[in-house]
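User: I'd like to learn how to read a few features from the coordinates. Could you walk me through them?

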Amino acid sequence: MDNQIETALCCSDSISQTSVTISDFSDEILLNILRFIPSHDLMLNVSQVCRKLRTLCLDKSLRAHVHLHKEYTANDDAVKQLLKNLSGDIQTLNLSGCYWLAGSMVDQVTRCKALVSLDLTGCRLTSVRLSHLLTSLRSLRSLALDVGPGFDLHQLSAEGKSALARLQELKQTLLTPSYGVVPCCSALRRLHLYLEASEGWREAGGCAQLMVGQSSVPHYQNLRWFSARLAPGEVNRTLLALYLAVFSMRVPEGLTGLVLFVPGPAPPRPVAMTALMESMASTVGNTVSALQLPRTWLDGAILGRVLAHGCPSYLNVSRCSSPGFNPLHVLLSAGRDLKPLKSLNVRGCGQGPLAESCGKGEEEMDAESVKALTECCPHLIHLNLSATHYHHALPAGQDGHLCGALGRLAALCSLALPVCALAQFPPAPVNIQDSNTDHSSRSLLLGLKKSSRIGVPTYRPTTEVTVDQGEERQDRGLCIQPLLHGCPHLVELELIGAGFSSAMPRNEPAIRKDPAACRWSYNVGDGELAALGAMKFLRKLTLAHLPGVLKGTGLIELVQGCKDLCSLSLANLGSLKTMNYTQALLEALSYCTQLRDLRLEQPYFNASAAFFEALSQCHQLRRLCLVSRHGTFQPAAVASFMQSCADVIMCHMFMGGTLVACKTLQKTLLDSFSISRPALSVVIYPLLHEDLAHVIRGMPLCHLDEITLFKSRVAEEPMKQ
């Protein structure tokens, strides 16, 4: 034994004295490392380091798939050189969201003759350029592009139309009313539509032209998947109706995916939809893999007919509940095996109005059905339960709490909950009258006394973490503990107050009045935030409308525990009349070493020099969005922050201040940093200005959809297949 120990010590000494370099790693280990490096950096820089890395960079596994989405340092010259060097090997090229690349750069894609999949979403593409591109890419089977004003299908060459006829998958972002290239795609199996046309007489006239141009209608006979996501607006609803009307000519057999996202009021259900749903449900051997319909189009009969042939892997019934129709009841009573269900969105689906009204039209979560669901669907990965209320009737420590049921979902990766679901206790009674007080004296003071506040007076100080003293309540975050232990690999979490509405608009003026918070949510504060720090794998976090947060000290412990946090969205924490967690936020930012996206929405927020100095410690930060009604900012502090954080490529600020001050700062930032940061997007504008909606339409859609506009994102999109 002594000899073995002595030998081991000798070996450890020899290892410590030997320098290990990257060239000593095996090729397999190095290839796995190189896959995490951006393609343009890999081929233009890493390959020049040494002979071994140059050889490894020639591996086809690194050259066949080039992904430049969110690679903001890839400028025109780098991309051109990359495509020149890899033109013969690239099979998949993703340039989605590369809005900063010049239109002439797209011409370089014609070098890649072996391309099978091409994503040009967000790139500048004309009809003529598309024609040249398609003529060269004879192996193309999947295409994604934007269709903007001036697009003309007739400008495509015969070779280009032949290439479109071979496509099996198409994703179109329609910035103007158009059929795009769909009429030429006779072999399509998957069609994804993003309808982003803006309101206006030109667009309305375009819809009218589509209605009479029946010679260019799309072909759907081979479709297996149809999805459409709409931006708000009547023109987009009309455009969707025109695309769906084609189904009345011929209903495709074997359609397995139908996903229609329509914000706001939905158009009347088209006649073709009934035949389409009948075909999906009646086709022999056909199982629907994904289903989402507007709330007024879905009822118990349709959902039950689809479920009769099997449970889909993605089901989105957001806001679809109505008197006599509860989607969860239909799902659980279908008598089918629900284990295939991986992603479920029941946002806003409750069991009827609350007995204690917390807001007009708001419903209470059907907790018993959710608990039954967790037993039937053990493989759920994404679950959205927001926009409802959950008020636990029993003490949080007893069995039966919602979080205890959710803790059974060991595979859960993303979850959205209402804030009141984490309340430890019911709200304290309001305006309790003292029986010993003289009624006549109360009547004399009627109207003179201040009304009782629900927030601070009823908040229990023991739920707040006192960092300096190290005090911690023993039962802090008690109700959420089963969820933390049962779902250890949770990556994305949303806690959104029921009824919350962001002040950031899309096509309408900014909201000037904040909705009332649920009374139960006042009992969710810093202690509960601190408990979330146990989620070690959390990468995306959204906290919105938490009035019970007093000083924000729980936020510090949260980010200390969640060291891999990449995306953080905070909205309306604590009081809305004054921002009372500024100091805690500044300290918390110092621990956010991996943070890439930050969205902060808070009335009366002061974007001071101290804030931007703390934010400068987030060295990985790429995108910043500030939304504050009556908020203020210091132009010199913003400029200094952008100078010190060279990787920030998006700065969107919608606060107070004059239009002149906002435009001056925006111009200063663009003039100073546009050359060194080709992807730079700076939009600084008064939140309450009447022209804000017009400014929003000019922003890159990738930033607008992913960070600038607030929305629940859990289980909003089908999982990639």
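Analyst: Asp-299 caps helix 13 at its N-terminal end, with a side-chain oxygen 3.2 Å from the backbone nitrogen of Ala-301. Helices (H or I, at least four residues) and strands (E, at least two) are DSSP runs, numbered from the N terminus. Bear in mind that this is a predicted model, where local features need pLDDT of at least 70 and side-chain atom pairs count only at pLDDT 80 or more, while totals for chains, interfaces and linings use all residues. Residues are numbered from 1 along each chain as its sequence is written, and side-chain values use heavy atoms, with hydrogens and water left out.

User: Which residues of helix 13 are buried?

Analyst: Buried means under 20% relative accessible area, exposed over 50%, and partly exposed in between (1.4 Å probe, protein chains only). In helix 13, residues 300-307, the buried ones are Ile-302, Leu-303, Val-306 and Leu-307. Seen down the helix axis, they fall within an arc of 130°, so they line one face of helix 13; the arc is taken from the directions from the axis to the C-beta atoms.

User: And what covers the buried residues of helix 13?

Analyst: For that we use contacts, meaning heavy atoms within 4.5 Å. The cover includes helix 12 (271-282), strand 9 (290-292), strand 10 (314-316) and helix 14 (327-332).

User: How many disulfides does the structure hold?

Analyst: In general, a disulfide is a covalent bond between the sulfur atoms of two cysteines. The cut-off here is a pair of cysteine sulfur atoms within 2.5 Å, and the structure holds 0 of them. Take Cys-349: its closest cysteine sulfur, in Cys-320, is 5.9 Å away, too far for a bond. For Cys-562, the closest is in Cys-592 at 9.6 Å, again too far. Cys-349 is buried at 6% relative accessibility, and Cys-562 is buried at 2%.

User: What about charges: where is Asp-526 found, and which side chain of opposite charge is nearest to it?

Analyst: A salt bridge needs a side-chain nitrogen of Lys or Arg within 4 Å of a carboxyl oxygen of Asp or Glu. Lys and Arg count as positive, Asp and Glu as negative, while His and the chain ends are not counted. Asp-526 sits in helix 19 (residues 526-531). Asp-526 is buried yet has no salt bridge, and the nearest opposite charge, Lys-551, is 8.2 Å away. A polar atom of the Asp-526 side chain does lie 3.2 Å from the backbone nitrogen of Thr-553.

User: Last one: how many helices and strands does the protein chain have?

Analyst: The chain comes to 26 helices and 22 strands. Of its 721 residues, 52% count as buried. Among contacts between residues at least 6 apart in sequence, 78% join residues at least 24 apart.

Methods
A polar contact is a pair of N or O atoms within 3.5 Å; within protein, one must be able to donate a hydrogen and the other to accept it, and residues adjacent in sequence count only if both atoms are side-chain atoms.
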